[in-house]
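Student: I would like to go through this structure a few residues at a time. Please show it to me.

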Amino acid sequence: MPFARLALAACLSLSAAPAVAQSAVDVTFAPGNFGTMVTGSVTGDDYLDLRLGASAGQEIFAELTVTGSTGNGTMYFNILPPGSTGEAIFIGSMNGNSTVTALPVDGVYTVRLYQMGNDRDTGAITDFALDLSIQ
């Protein structure tokens with residue numbers, strides 16, 4: 001299974017490394033910060049899950065930018081609520097690559113980064129930058 005490469009901004013700390021495709025990486029913010037920039041890449045039909053805790057009533061801001069690709073750069077993210085088995089409260093392929101989404105319950109939310117179409121099917125490598133915060 002290919003590895004999802006993940007390079008992180010200085011203010012992001014991880015509890016798991018290296019990030020393996022189809023695995024989750026816990027995201028925490030440095031003291032005094034409520035957000036960070038996450039950069040990395042996804043290959044083919046692999047996906048990368050970023051998990052972060054939040055409270056009901058808070059909002060998650062996420063904006064995805066494709067920074068390079070060996071294919072078409074067809075990359076998106078979904079936001080999954082606590083306890084989800086794949087059901088999303090935001091679907092990037094339908095709603096775009098930027099959102100401010102109100103969070104309905106306390107718990108750990110997942111931002112899932114993935115490719116679609118030919119990029120997924122041919123094993124393209126797409127690099128990304130994800131601006132991520134909880135407010």
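Student: In which strand does Val38 lie?
Tutor: Keep in mind that this is a predicted model. The residue lies within the run 35-43. That run is strand 4.

Student: Is Val38 buried or exposed?
Tutor: Its relative accessible area is 0%. Buried means under 20%, so Val38 counts as buried.

Student: What distance separates the C-alpha atoms of Val38 and Leu64?
Tutor: Along the chain, Val38 and Leu64 are 26 residues apart.

Student: Which residues touch the most other members of the largest nonpolar core?
Tutor: This core has 23 residues. Elements that give two or more residues to the core include strand 4, strand 7 (75-80) and strand 10 (107-115). In soluble globular proteins, nonpolar side chains tend to be buried together. The residues that touch the most other members are Leu50, Phe77, Val111, Leu113, Phe128 and Leu130.

Student: Which residues does Val111 contact, leaving aside neighbours within four places in sequence?
Tutor: Among them are Leu50, Phe77 and Leu130, in contact with Val111.

Student: Is Thr101 buried or exposed?
Tutor: Thr101 is found in strand 9, residues 98-102. Its relative accessible area is 11%. The cut-off for buried is under 20%, so Thr101 is buried.

Student: Which side chain makes a polar contact of 2.6 Å with that of Thr101?
Tutor: Thr101 touches residues such as Gln58 and Glu59, not counting those up to four places away in sequence. The polar contact of 2.6 Å, however, joins its side chain to that of Thr99.

Methods. Residues numbered from 1 in each chain as written. Predicted model: local features only at pLDDT ≥ 70, side-chain atom pairs only at ≥ 80, totals over all residues. Heavy atoms only, no water. Helix = DSSP H or I, 4+ residues; strand = E, 2+ residues; numbered from the N terminus. Buried < 20%, exposed > 50% of the residue type's maximum accessible area, 1.4 Å probe, protein only. Polar contact = N/O pair within 3.5 Å; in protein donor to acceptor, adjacent residues only side chain to side chain. Contact = heavy atoms within 4.5 Å. Core = buried A, V, L, I, M, F, W, Y, C linked by side-chain atoms within 4.5 Å.
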